[in-house]
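Visitor: Please pick a single part of this chain and take me through it slowly, with its surroundings, as I am still learning how to read a structure.

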Amino acid sequence: MEGLKRILSYVRRGVDDYEMIKEGDKIAVGVSAGKDSLALLCAMAELRRFYPKKYEVVAITVDPQFNKEPGDYSAVEELCKKHNWKLYLPELSLCGDNAAMVGAQGYYEYLKGERADESLNAYPS
């Protein structure tokens, strides 16, 4: 438990120092099934319990299918299911690069009926 508290303190400091979360944000954490990405997912989800701004956390895992073999992400799926976190596993054809990942997420948002208004722009905020 002490380790999680320490990680949370660093995450909170970074989030606050760089104003990384706004009210109502949806934060996607890229999860590879490694310790670092799983720790970040857990920390971002845990931070919601006491952070003053409300936000949503989702996990995205891209299976690179090395040697044309699908990876085993069942442990990630179980963890997300256990904590009721949404996990996206887009098909490989949607995951050629970062632009494809953004497109894949946009596709899922479109399927849910979510649309952006004209104020959406390409400038970092």
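Guide: A contact, in what follows, means that heavy atoms lie within 4.5 Å. Counted in that way, and looking at contacts with a separation of 6 or more, residues 24 or more positions apart account for 62% of them in this chain. Please keep in mind that this is a predicted model. The chain has 125 residues, of which 26% count as buried, and it contains 4 helices and 3 strands, which follow one another from the N terminus in the order α-β-α-β-α-β-α.

Strand 2 spans residues 56-60, and 4 of its 5 residues are buried, so that the strand is mostly covered.

The 3 strands form an open sheet in the order 1-2-3, with parallel pairing. Strand 1 and strand 3 stand at the edges, and because each has a single partner strand, one side of each is left without a neighbour in the sheet. Neighbouring strands here are turned by 30 degrees against each other on average, if direction is ignored.

Now take the two partners of strand 2 in turn. With strand 1, residues 26-30, strand 2 pairs in the parallel sense over 5 bridges; in this pairing Val57 of strand 2 is the bridge partner of Ile27, while Ile60 of strand 2 stands opposite Gly30. With strand 3, residues 86-88, strand 2 again pairs in the parallel sense, over 3 bridges, and here Val58 has Lys86 of strand 3 as its bridge partner. In a regular strand, as a general point, the side chains alternate between the two faces of the sheet.

The helices come next. Strand 1, helix 2 (residues 35-47) and strand 2 together make a right-handed β-α-β unit, and strand 2, helix 3 and strand 3 make a right-handed β-α-β unit as well. Helix 2 lies across strand 1 and strand 2, and runs at about 160 degrees to strand 1. Helix 2 also meets helix 1 (residues 2-17): their axes come within 10 Å and cross at roughly 75 degrees. Angles of 65 to 115 degrees count as roughly perpendicular, and helix 1 and helix 2 are therefore roughly perpendicular to each other. On the side of helix 1 the residues making this contact include Leu4, Ile7 and Leu8, and on the side of helix 2 they include Ala39, Ala43 and Met44.

Finally, let us step past the end of strand 2 to Thr61, which is found in the loop between strand 2 and helix 3 (74-83). Is Thr61 buried or exposed? Since buried means under 20% relative accessible area, Thr61, at 0% relative accessibility, counts as buried. The side chain of Thr61 reaches the backbone oxygen of Val31 at 2.9 Å. If its neighbours within four places in sequence are left aside, Thr61 is in contact with Val31, Tyr73, Val76, Leu87, Tyr88, Leu89 and Pro90.

Key. Residues numbered from 1 in each chain as written. Predicted model: local features only at pLDDT ≥ 70, side-chain atom pairs only at ≥ 80, totals over all residues. Heavy atoms only, no water. Helix = DSSP H or I, 4+ residues; strand = E, 2+ residues; numbered from the N terminus. Buried < 20%, exposed > 50% of the residue type's maximum accessible area, 1.4 Å probe, protein only. Polar contact = N/O pair within 3.5 Å; in protein donor to acceptor, adjacent residues only side chain to side chain. Pairing = 2+ DSSP bridges. Right-handed = clockwise from strand over helix to strand, strands pointing away. Axes fitted to C-alpha atoms, helices over the stretch in contact; angles between N-to-C directions. Parallel < 35°, antiparallel > 145°, perpendicular 65-115°, else oblique.
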